[in-house]
Amino acid sequence: MRGSSDLFDPTKTTADMDSSFSRRDSSPGADFGFAFNDSNFSDRLLRIEIMGGDGEEGCCTSIADWALHRNRSRDDHKKKHLNVDIVACPEEQIITDDDNQPDMDEEGREAMVEEEEALSGDEDDASSERNWGMEHSNVVNVKELHISSPILAAKSPFFYKLFSNGMKESEQRHVTLRISAQEEGALMELLNFMYSSSLTVTTAPDLLDVLMAADKFEVASCMRYCSRLLRNMPMTPDSALLYLDLPSTVLMAEAVQPLTDAAKQFLASRYKDITKYQEEVMALPLAGIEAILSSDNLQIASEDAVYDFVLKWARGQYSSLEDRREVLGSRLALCIRFPYMTCRKLKKVLTCSDFEHEVASKQVLEALFFKAEAPHRQRILAAERSDSTNRRFIERAYKYRPVKVVEFELPRPQCVVYLDLKREECAGLFPSGRVYSQAFHLGGQGFFLSAHCNMDQQSSFYCFGLFLGMQEKGAVSFGVDYEFAARQKPSQDYSSKYKGTYTFTGGKAVGYRNLFAIPWTSFIAEDSQYFINGVLHLRAELTINRT
């Protein structure tokens with residue numbers, strides 16, 4: 001009696017087939033290892049023709065060897081003027097005795113599979129003379145395996161289509177598969193996996209070979225298995241970069257996503273302080289730079305520094321202005337969080353020749369609109385418009401905290417500076433920490449704010465302090481009237497806390513050690529009147545004193 005679901009029903013649509021595969025592939029694989037290459041449990045004979053003349057043979061003992069071998073194979077194929085890079089984008093071709101042209105499936109993939117009525121000695125081997133991307137290759141070895149079409153079809157959409165396409169070849173009992181010598185070991189491991197759901201290889205190069213074969217023959221469960229084993233191995237910069245440089249068909253596979261995510265996380269963690277590894281980071285390829293700059297935990301002074309680094313890297317890697325503009329506009333601009341750059345630096349973006357004017361204008365305009373929003377609106381926009389691939393509205397853990405600055409020229413040069421600190425940032429200051437703001441400018445001089453946890457000298461308890469400093473530039477003297485304020489419950493308006501006049505010289509700072517005149521425990525408490533939705537809002541007004 002026929003069951004309710006037939007895996008080999010030719011009337012099934014592609015969507016039906018993909019759906020059934022996703023359901024079956026998510027369940028634990030049964031062990032049919034006992035049936036592998038056993039005629040008692042097989043309904044077809046697979047003839048594997050191993051072709052020579054397709055690159056060097058030999059065993060890769062390391063990730064570096066595997067990468068070198070793959071790149072050399074790519075170069076060899078380019079020299080032969082092939083239309084398809086077999087290593088970077090493995091393709092197969094289906095051949096039959098009745099058709100001299102390869103059948104193409106809906107994805108344009110070609111299969112190097114020949115199906116025959118029988119394996120008799122007088123059969124014509126004309127198919128080996130056809131151009132399948134191995135026109136200079138000869139058969140150097142042949143292997144024959146007994147296979148079970150239900151088992152292979154259950155694991156692989158490639159074999160499912162091959163055995164259930166309703167055409168003559170789907171009813172034939174003998175299948176000839178042509179592979180390069182370098183693919184032999186990986187294919188045998190893959191076929192064994194389709195029966196037993198396990199592999200015998202354990203090294204990274206061997207697992208990568210199997211992963212490539214699994215992608216070629218659409219065995220998602222094996223791709224996941226290889227990905228998991230590789231992910232659990234100690235990662236290095238070389239291996240992480242290699243995983244991000246796998247062929248696009250592999251990278252786009254959902255089964256490999258955890259591996260590429262782990263590679264990105266490794267690079268982001270290793271190089272989170274790019275100033276510490278500046279020479280090493282400058283030599284990384286584009287995929288590595290994107291992985292590092294996509295991190296929210298990048299330890300860098302400010303987003304201005306990210307912008308400067310990106311320009312320096314792009315100029316070092318791409319001597320052509322056209323190429324540089326292309327990679328900056330289409331790839332690296334997405335890694336720069338323009339809304340958190342200073343207005344002074346955004347002005348320079350508009351005049352930077354490395355960016356197309358349209359790209360620069362769009363990024364700067366978007367950044368300025370974001371800066372103009374109220375803090376709660378900024379948080380909403382960041383939540384609405386950000387995902388794993390778009391983090392431009394998410395604030396990084398900068399060494400110097402971003403500020404909002406409003407500047408006035410009349411009646412006297414003046415600026416109003418807004419600095420927001422999260423409760424957890426403030427809590428991290430105890431007992432003697434400090435956090436600095438990004439620089440802002442007044443009268444051509446650079447200033448900064450610094451928040452401290454320090455000891456009140458009179459009362460002998462810890463408290464919150466706020467200071468104003470001028471960046472050191474020679475022996476310049478500068479008179480400034482200043483006022484510190486903070487938003488306070490219940491009105492949530494800014495309330496003045498401290499004001500004064502000070503004549504700055506380079507490197508000097510002035511402020512108040514206990515800005516709120518309360519102990520640290522009261523300041524940081526859950527019911528503190530200075531934290532509104534978990535954020536401390538500070539304001540500093542600076543006016544040039546000409547008296």
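Reply: Happy to! The second largest cavity is lined by Ile179, Glu183, Ala186, Leu187, Ala213, Lys216 and Phe217; a cavity here is a set of points, on a 1 Å grid over the protein atoms alone, where a 1.4 Å probe fits but cannot get out, and lining residues have an atom within 4 Å of a point. This is a predicted model, where local features need pLDDT of at least 70, side-chain atom pairs count only at pLDDT 80 or more, and totals for chains, interfaces and linings use all residues. Residues are numbered from 1 along each chain as its sequence is written, and side-chain values use heavy atoms, with hydrogens and water left out.

Helix H5 (184–196) and helix H6 (204–216) each give at least two residues to this lining; helices are DSSP runs (H or I, at least four residues) numbered from the N terminus. By class, the lining holds five nonpolar, two charged and no polar residues. The volume of the second largest cavity is about 30 Å³, taken as the space filled by probe spheres set on the points.

Now to the rings. The count is 31 aromatic pairs, where rings of Phe, Tyr and Trp (its six-membered ring) pair if their centres lie within 6.5 Å. Tyrosine 502 and phenylalanine 504 have ring centres 4.8 Å apart and planes at 75°, so they are edge-to-face (planes over 60 degrees apart). Phe430, Tyr462, Phe464, Phe516, Trp520, Phe523, Tyr530 and Phe531 form one aromatic cluster. Over the ring of phenylalanine 531 sits the charged end of arginine 423, 4.4 Å from the ring centre (CZ of Arg within 6 Å of the centre and within 35 degrees of the ring normal).

Key: On a 1 Å grid over the protein atoms alone, a cavity is a set of points where a 1.4 Å probe fits but cannot get out, and a pocket is an open set with protein on both sides within 12 Å along at least five of seven lines; lining residues have an atom within 4 Å of a point. Ala, Val, Leu, Ile, Met, Phe, Trp, Tyr, Cys and Pro count as nonpolar, Asp, Glu, Lys and Arg as charged, and the others, Gly among them, as polar. Rings of Phe, Tyr and Trp (its six-membered ring) pair if their centres lie within 6.5 Å; planes under 30 degrees apart count as stacked, over 60 as edge-to-face and the rest as tilted.
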